[in-house]
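Colleague: I am new to this one. Please show me how to read its side-chain features.

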Protein chains: 2
Amino acid sequence: MNLFPSHPSRRPGKASLAKLAMIAILASLPAMGHSQATSSQNPVAMEFPYQYFPANLPSDATAQFYPSVWTTYASNPGRNPAFPMPANAPRKLRDGVAWSFAGAGALPLNGPPPGGDFKTAAYTFGMPVGVSVVKGIVYVGDDNGYTYAINAQTGKLIWAHYGWNMNMSNPLVVGDRVFVSTGSAYFNYANTMKYLKGQRPTRGPGLNTIYALDRTTGKELWAYHTPGEGMPTPLYKNGFLYEGTGDGHIYKLAADTGTLVWKADIVSFDSMSSLVEGSGYVFAGGTNPNFFYALDENTGKIAWKMTIPDMVATGIGDCTPAYQAGIVVQEVTVSSGDPSNPVANVLLAMDANSGKIIWQKRFPNGPVPPAMKTATPVIVNGVVYEGSPVSGEYYALNLKDGHQLWSLHIGSQIRAGAAIQNGIAYLPYRAGDIAAIRIADGKRVAVKHLGGAFGPSSPVIVGGTLYVSNVYGWVTAVPLKDIYSSTAATTAE
Amino acid sequence: MNLFPSHPSRRPGKASLAKLAMIAILASLPAMGHSQATSSQNPVAMEFPYQYFPANLPSDATAQFYPSVWTTYASNPGRNPAFPMPANAPRKLRDGVAWSFAGAGALPLNGPPPGGDFKTAAYTFGMPVGVSVVKGIVYVGDDNGYTYAINAQTGKLIWAHYGWNMNMSNPLVVGDRVFVSTGSAYFNYANTMKYLKGQRPTRGPGLNTIYALDRTTGKELWAYHTPGEGMPTPLYKNGFLYEGTGDGHIYKLAADTGTLVWKADIVSFDSMSSLVEGSGYVFAGGTNPNFFYALDENTGKIAWKMTIPDMVATGIGDCTPAYQAGIVVQEVTVSSGDPSNPVANVLLAMDANSGKIIWQKRFPNGPVPPAMKTATPVIVNGVVYEGSPVSGEYYALNLKDGHQLWSLHIGSQIRAGAAIQNGIAYLPYRAGDIAAIRIADGKRVAVKHLGGAFGPSSPVIVGGTLYVSNVYGWVTAVPLKDIYSSTAATTAE
């Protein structure tokens with residue numbers, strides 16, 4: 001059954017990237033009033049919050065070559081979601097697949113954002129936060145309220161779940177379950193008035209929910225509602241979920257039932273800071289007041305919290321920390337005192353047990369970026385890779401002492417972490433490009449323009465394919481070899 | 001082409017109301033994971049902001065029996081959208097049609113709202129504001145970002161336009177154009193901080209837009225962006241559009257081009273107060289500060305503004321005023337001083353030229369209703385019909401002197417205006433019911449439970465059919481005779 005008899009190229013399957021550019025143009029046509037759809041029925045998506053197309057599920061034979069679990073933002077505490085495939089994986093998966101998937105309300109990839117720019121509108125559209133890829137399925141949250149499950153090889157929709165609020169979480173997958181959380185960055189009128197009266201406000205109007213869904217059907221298993229937003233990606237560990245929210249708490253839930261184990265009052269809003277775990281703690285940044293927190297993962301007690309002078313919102317509460325070898329790293333934003341370049345990013349490396357700052361690196365002053373003011377750090381083999389959305393620079397720093405190995409001028413706001421494999425960091429940034437950066441020396445060896453705009457969306461590499469979502473509402477699968485052909489490495493070494 | 005081979009009953013066509021209850025149950029099934037859909041393609045709605053199904057357009061022969069224009073909220077300054085059909089109209093239109101249409105993310109009609117209640121979530125879902133019906137097409141905005149055009153006879157989707165923000169406007173239709181406006185009730189962090197610093201904030205994060213769309217295709221003709229929300233329904237008069245916004249202005253645009261004629265700084269947010277025109281002025285209520293405004297429709301100068309003591313947000317800025325014979329009426333909310341029943345609604349009747357209060361009627365004290373705290377007044381033949389969401393009472397008052405003709409205890413929050421035809425007021429209220437009230441004496445002669453929950457959604461009567469939208473995301477067409485059979489009057493007298 002083909003809903004697009006006149007547009008077979010809209011679902012390209014193994015289309016080349018050159019073809020993807022064509023598809024982006026085709027995609028823009030219906031928005032201009034030239035749709036050829038002739039169904040006399042309402043399409044199912046207009047009717048119900050839930051859709052399910054089991055025919056699009058991957059086979060077990062294919063699913064086995066993908067990651068089998070996803071427990072935290074970007075899959076691991078170092079935030080590097082890169083997964084080689086073994087030599088016995090199908091050639092097409094090792095070579096990389098190409099498709100694009102547009103959520104409801106997606107924007108034409110080559111057009112401007114509505115309103116002409118994202119100054120006021122950043123992060124109210126599309127899929128700002130990255131995908132997760134488990135057992136042959138790509139999962140992604142959309143600000144339109146949907147969570148989508150997409151066949152990783154074909155790009156076809158398996159299910160869509162509507163959650164009645166923005167989904168800016170990187171879906172977690174454990175066993176047969178997907179966990180997502182929802183919420184937005186806003187305040188309603190009553191909570192704005194609380195601010196004014198010196199009362200404690202709650203951030204996140206409407207319904208804020210952590211959902212457990214069936215991995216293959218999208219069926220809702222349980223829903224836990226919080227007073228404030230649940231924008232950050234939850235953290236799964238040992239049967240429990242941890243989540244920071246807009247009501248100033250960290251929640252611990254039993255993952256099987258959704259029942260509350262404890263909630264810890266940290267006062268600060270957790271805006272977009274997805275918890276990381278390490279050394280027996282869970283860590284997150286918070287806004288209003290601006291602090292970085294370490295909580296005992298068992299008791300929920302605040303083990304330590306720390307701040308530095310001149311911190312401004314919403315840097316620390318929007319940065320997702322990374323952890324490796326007893327060190328937790330977090331980017332923050334400080335006021336520079338220079339009116340022409342009023343802010344700067346600072347990368348902090350803290351001792352996980354004490355909160356003592358081991359080193360800090362201040363990046364150049366610059367203009368205030370719209371919306372989110374920090375990027376996600378990535379740690380691989382004792383090196384931290386971090387961007388500055390303020391200055392548009394990208395850095396490699398020694399994890400132990402902060403020694404700068406190199407820096408690279410990107411010149412566009414960087415909010416995502418890179419996916420790093422075989423010596424190349426694949427880094428999306430706001431201009432809609434993916435840069436391929438040689439991590440040995442920081443040389444940018446290639447740039448691929450995909451269109452749209454990238455927020456804090458860490459790309460995911462599985463075999464020969466890079467998967468990335470954008471704030472125009474698209475998930476794109478790109479063969480690595482189409483970004484930087486000589487380094488396409490699809491097989492585990 | 002039938003997308004629902006196994007669920008033919010989902011699109012009922014001329015199903016009875018009893019059958020609609022069944023459909024609501026079926027509709028809930030996919031949300032519980034039992035969808036039978038087997039398409040192997042992504043449905044079109046998942047892909048693009050715009051959809052168009054020309055086969056579902058009404059014929060000219062049918063369209064002629066419907067209103068031909070819609071220039072203001074609820075179609076006229078009295079806010080009574082009731083249109084008889086002539087005796088030569090098709091029998092099925094005079095008898096009334098039955099269908100239901102669910103927007104993307106609609107809730108099962110007989111289930112609870114997500115989270116169990118609407119205390120924190122009211123108005124973040126569904127279609128809170130009413131439909132407009134022009135030339136055989138029902139137009140409705142959805143908080144999910146879509147504007148839908150639906151065949152008024154069959155309930156089938158004609159087009160869907162995605163506007164990247166909540167659409168709480170009652171679409172206007174003039175000539176070949178539909179005008180809608182978008183926005184939400186929220187503040188982003190930066191604007192919350194402005195409040196705190198005593199600076200002037202803007203309400204409405206993200207993209208706020210007034211769109212002109214082609215009436216029959218949904219194609220976008222122009223888009224005008226405002227800094228603050230555009231939740232109220234615009235007003236059309238003599239080739240111009242007027243709109244109040246969350247940046248504290250009233251805008252006047254040329255309807256053909258979308259170019260600005262003037263904007264008047266009123267400071268107050270226009271939240272949900274849809275402008276009404278009369279006596280050469282445009283009128284609207286505003287919040288923060290709480291004032292009611294009259295602007296010269298040609299110059300944009302504030303002719304007068306008025307307030308009364310103890311007014312509380314967000315009563316006046318959420319009430320859509322009505323106008324008749326030189327009198328403009330507006331409901332407001334005041335603090336009562338009684339901690340157990342802290343607020344009361346007050347209906348104000350003002351001289352349109354001077355702003356002098358001709359009379360005011362204070363309704364009983366009661367608890368603070370969630371979200372919107374006022375209802376839409378309706379004026380028919382010198383009588384004002386108005387509900388109190390605080391007390392759950394419904395009133396008829398003489399327009400000239402405020403003399404109370406009757407009151408009726410509904411016992412559920414009333415935010416909508418009624419549609420009144422042949423001596424019966426059809427009034428939706430929060431419990432998901434439509435009451436049929438005899439306006440001669442205020443006797444409730446019938447109640448029909450439709451399910452879901454009704455916000456400020458004025459129903460529309462055309463011929464023998466009542467059209468109404470709800471906050472669960474559904475538009476329902478109900479034969480009047482199924483609400484109150486002995487008064488079903490489908491022919492002009």
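Colleague: Is B:Arg200 buried, partly exposed or exposed?

Modeller: First, the ground rules. This is a predicted model, where local features need pLDDT of at least 70, side-chain atom pairs count only at pLDDT 80 or more, and totals for chains, interfaces and linings use all residues. Residues are numbered from 1 along each chain as its sequence is written, chains are lettered from A and ligands numbered from 1 in the order in which they are written, and side-chain values use heavy atoms, leaving out hydrogens and water. Now accessibility: buried means under 20% relative accessible area, exposed over 50%, and partly exposed in between (1.4 Å probe, protein chains only). B:Arg200 has a relative accessible area of 39%, so it is partly exposed.

Colleague: With which residue does B:Arg200 form a salt bridge?

Modeller: The general idea comes first. Side chains of opposite charge can pair when their charged atoms come close. A salt bridge needs a side-chain nitrogen of Lys or Arg within 4 Å of a carboxyl oxygen of Asp or Glu. Here B:Arg200 pairs with B:Asp265, and their closest N and O atoms are 2.8 Å apart. B:Asp265 sits in strand β15 (residues 260-265) of chain B and B:Arg200 in the loop between α4 (189-196) and β10 (208-214) of chain B, so the pair ties together parts 65 residues apart in sequence. B:Asp265 is partly exposed too, at 42%. Helices (H or I, at least four residues) and strands (E, at least two) are DSSP runs, numbered from the N terminus.

Colleague: How many aromatic pairs are found over all chains?

Modeller: The rule uses rings of Phe, Tyr and Trp (its six-membered ring): centres must lie within 6.5 Å, and planes under 30 degrees apart count as stacked, over 60 as edge-to-face and the rest as tilted. The search finds 49 pairs over all chains. In one of them, the rings of A:Tyr281 and A:Phe283 have centres 5.9 Å apart and planes at 55 degrees, so the pair is tilted. Both A:Tyr281 and A:Phe283 are buried. B:Phe363 and B:Tyr395 have ring centres 4.1 Å apart and planes at 10 degrees, so this pair is stacked. It links distant parts of the chain: B:Phe363 is in strand β23 (residues 357-366) of chain B and B:Tyr395 in strand β26 (residues 393-398) of chain B, 32 residues apart. B:Phe363 is buried, at 2%. B:Tyr395 is buried, at 6%.

Colleague: Which residue lies over the face of A:Phe240?

Modeller: A charge sits over a ring if NZ of Lys or CZ of Arg is within 6 Å of the ring centre and within 35 degrees of the ring normal. A:Lys252 lies over A:Phe240, at 4.4 Å from the ring centre.

Colleague: Which residues does the cis peptide bond in chain B join?

Modeller: Most residues other than glycine have a negative phi, and most peptide bonds are trans. In chain B, a cis bond joins B:Ala313 and B:Thr314, with omega about -5 degrees. B:Thr314 is in the loop between β19 (302-306) and α5 (315-318) of chain B.

Colleague: What is the phi of B:Asn238?

Modeller: B:Asn238 is not a glycine, yet its phi is positive, about 50 degrees. This residue is exposed, at 60%.
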